Amino acid sequence: MKNTLVLCALTLILTATGCAWWKSDSVKKDEYNRLAAQAENEIKLANKTGFLWGNTEKFLKESKEAMDAATAASDRATRENEYSKAMKLAKKALQEAKLAQQQAKDNATPVASYK
């Protein structure tokens, strides 16, 4: 009886907490698609200012390739690795696009410093 209770409690704990960290593939794809769309929009804005950085679009392209590889992967470890790579590159592209926009704002009204 005692062993059965311990086994049931252990199963319940592992079920409740063990699977909480693992997101389904569709949730990850949706999260990635939102991030990639945001990065694309920011890249378009940075491009309009004329201050788009040289590698920003390359990072987004590599991110999409990694996401395609994650989708095509048959084993979970490869899928997780490629997904992490895709998210990292998309975040990097987004950050660079935002920094390029800030650079455009800073250069629009330069302040001379006399020392």
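**Figure 1. Confidence and overall make-up of the predicted chain.** The protein chain averages a pLDDT of 86, and 80% of the residues score at least 70; pLDDT is the predictor's confidence in each residue, from 0 to 100. Confidence is lowest in helix 1 (residues 2-18), with a mean of 58, and highest in helix 3, at 95. The chain contains 4 helices and 0 strands, and its elements run α-α-α-α from the N terminus on. Helices (H or I, at least four residues) and strands (E, at least two) are DSSP runs, numbered from the N terminus. Of the 115 residues, 26% count as buried; buried means under 20% relative accessible area, exposed over 50%, and partly exposed in between (1.4 Å probe, protein chains only). Among contacts with a separation of 6 or more, 76% join residues 24 or more positions apart, where contact means heavy atoms within 4.5 Å. Because this is a predicted model, local features need pLDDT of at least 70 and side-chain atom pairs count only at pLDDT 80 or more, while totals for chains, interfaces and linings use all residues. Residues are numbered from 1 along each chain as its sequence is written, and side-chain values use heavy atoms, with hydrogens and water left out.

**Figure 2. Helix 2 and its buried residues.** Helix 2 has 25 residues and reaches 36 Å from its first C-alpha to its last, close to the 36 Å expected at 1.5 Å a residue. The expected span is 1.5 Å times one less than the number of residues in the helix. Which residues of helix 2 are buried? They are Lys28, Tyr32, Leu35, Ala36, Ala39, Glu42, Ile43 and Ala46. The buried residues of helix 2 pack against helix 3 and helix 4. Helix 2 is followed by Gly50, which has a positive phi, near 85°.

**Figure 3. The largest nonpolar core.** A nonpolar core is a set of buried Ala, Val, Leu, Ile, Met, Phe, Trp, Tyr and Cys residues joined through side-chain atoms within 4.5 Å. The largest such core has 18 residues, and those with the most contacts inside it are Tyr32, Leu35, Leu60, Met67, Tyr83, Ala86 and Met87. Helix 2, helix 3 and helix 4 each supply at least two residues of this core. Helix 4 gives the most to it, with 8 residues. Tyr32 is in contact with Leu60, Ser63, Lys64, Met67, Tyr83, Ala86, Met87 and Ala90, leaving aside its neighbours within four places in sequence.

Figure 4. Side chains of opposite charge can pair when their charged atoms come close. A salt bridge is a side-chain nitrogen of Lys or Arg within 4 Å of a carboxyl oxygen of Asp or Glu, and the structure holds 4 of them. In one, the side chains of Asp25 and Arg79 meet at 3.5 Å, N to O. This pair links distant parts of the chain, with Asp25 in helix 2 (residues 25-49) and Arg79 in helix 4 (residues 76-108), 54 residues apart. Asp25 is partly exposed, with a relative accessible area of 30%. In another, Glu80 pairs with Lys28, the closest N and O atoms being 2.1 Å apart. Here too distant parts of the chain are linked: Glu80 belongs to helix 4 and Lys28 to helix 2, 52 residues apart. Glu80 counts as partly exposed at 23% relative accessibility, whereas Lys28 is buried at 7%.

Figure 5. Lys61 forms a salt bridge with Glu65, and their closest N and O atoms are 3.9 Å apart. Both residues lie in helix 3 (residues 56-72), 4 residues apart, about one turn of the helix. Lys61 is exposed, with a relative accessible area of 54%, while Glu65 is partly exposed at 43%.

Figure 6. Glu96 is found in helix 4. Not counting residues up to four places away in sequence, Glu96 touches Trp53, Asn55, Thr56 and Phe59. Leu99 also lies in helix 4 and is partly exposed, with a relative accessible area of 37%. The C-alpha atoms of Leu99 and Glu42 are separated by 9.9 Å, although the two residues are 57 residues apart along the chain.
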